[in-house]
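Reader: I have a structure open and would like to go through it with you. Could we begin with what lies inside?

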Amino acid sequence: MGAASAAPEEGHMGVKVAVLVGSLREKSYNHRLALALQRLGPPDWEYVGVRIDEVPHFDQDLEDDAPDSVRRLKETIEAADALMFVTPEYNRSVPGVLKNAIDWASRPKKRNSFAGKPALVAGASTGNIGTAVAQSHLRMTLAYLDVPAMGQPEVYVKFSPEDLIDMEGNVTVPDTERFLRGVMAAFARWVETVGAGRVAA
Ligand code: FNR
């Protein structure tokens, strides 16, 4: 991160964010929300999608000599300064595909790729509580993995109307756009406060 005396804009410079979206669905609301957050964040931030769909089911027998897809997953996360988790809620918890990727990236024991990296947790659902329970479960996991996740504002998006966010990440409801812009401004301050971590613990 930039020097403490730098102007706020300069402090944001060069922040690289690894983005983990917990849905593989083509028209995923959460994918659209992740794009919207990126559009509304600091213009000089860089975002890299983490390919949670490429890794196999976690198998502890493989963690010391992990498949290439897992190595790439861990390298992408380790090269990032900050993390964005944007996830649906499946049966009141985190989708298995996301948890599986988190488990891989957290291993082997002293090679947790996430450690120390500031994170944003967000989610969209068709339900009224907008992924609140899944996010709560995710936050418990992130705390264990030494990931400082921003506490406020919480980002529970009830995806309504159907075109709330289009496939390019454009937000069609001004109040929602304003809210998400504020979320990214808060996240930029959080990254600056916590400090960006490139080194895995
Ligand atoms: C869901 N959905 C859902 N919604 C919710 O608010 N709470 C929940 O516990 C669940 N559980 C659940 C389980 C499973 C297996 C599916 C497929 C769906 C509905 C969910 O919010 C909706 O399908 C979203 O559209 C999923 O997000 P994406 O794929 O659009 O990003």
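Reader: Which residues have the most contacts inside the largest nonpolar core?

Author: This is a predicted model. Its largest nonpolar core has 53 residues, and those with the most contacts inside it are V19, L20, L33, L83, M84, A101 and A119. Helix α2, residues 29-40, supplies the largest share of this core, 6 residues. As a general point, nonpolar side chains tend to be buried together in soluble globular proteins.

Reader: What is L33 in contact with, leaving aside its neighbours within four places in sequence?

Author: With those neighbours set aside, L33 is in contact with V86, A122, A124, V157 and I165.

Reader: Turning to helix α4, which of its residues are buried?

Author: Helix α4 runs over residues 96-105, and its buried residues are L98, A101, I102, W104 and A105. They lie on the same side of α4, because they cover an arc of only 160 degrees around the axis.

Reader: And what covers them?

Author: The cover over the buried residues of α4 includes β1 (16-21), α3 (68-78) and α5 (132-144).

Reader: Now the sheet, please. In what order do the strands come?

Author: The sheet is open and is formed by 5 strands in the order β2-β1-β3-β4-β5, with parallel pairing. The edges are taken by β2 (46-49) and β5 (155-158); each has a single partner strand, so one side of each is left without a neighbour in the sheet. On average, neighbouring strands of this sheet are turned by 20 degrees against each other, direction ignored.

Reader: How many bridges are there between β1 and β3?

Author: Strand β3 covers residues 82-86, and β1 pairs with β3 in the parallel sense over 5 bridges. As one example, A18 has L83 in β3 as its bridge partner. L83 is also among the residues with the most contacts inside the largest nonpolar core.

Reader: What pattern does the whole chain follow along the sequence?

Author: The chain has 6 helices and 5 strands, and along the sequence they follow the pattern α-β-α-β-α-β-α-β-α-β-α.

Reader: Finally, what percentage of the residues is buried?

Author: Buried residues account for 38% of the 201 residues in the chain. As for contacts between residues at least 6 apart in sequence, 81% of them join residues at least 24 apart.

Notes: Residues are numbered from 1 along each chain as its sequence is written. This is a predicted model: local features need pLDDT of at least 70, side-chain atom pairs count only at pLDDT 80 or more; totals for chains, interfaces and linings use all residues. A nonpolar core is a set of buried Ala, Val, Leu, Ile, Met, Phe, Trp, Tyr and Cys residues joined through C-beta atoms within 7 Å. A residue is buried if 20 or more other C-beta atoms lie within 10 Å of its own, exposed if 12 or fewer, and partly exposed in between; C-beta atoms are placed from the backbone. Helices (H or I, at least four residues) and strands (E, at least two) are DSSP runs, numbered from the N terminus. Two residues are in contact if their C-beta atoms, placed from the backbone, lie within 7 Å. The arc is that of the directions from the helix axis to the C-beta atoms. Two strands pair if DSSP finds at least two bridges between them. Axes are lines fitted to C-alpha atoms, for helices over the stretch in contact, and angles run from 0 to 180 degrees between N-to-C directions.
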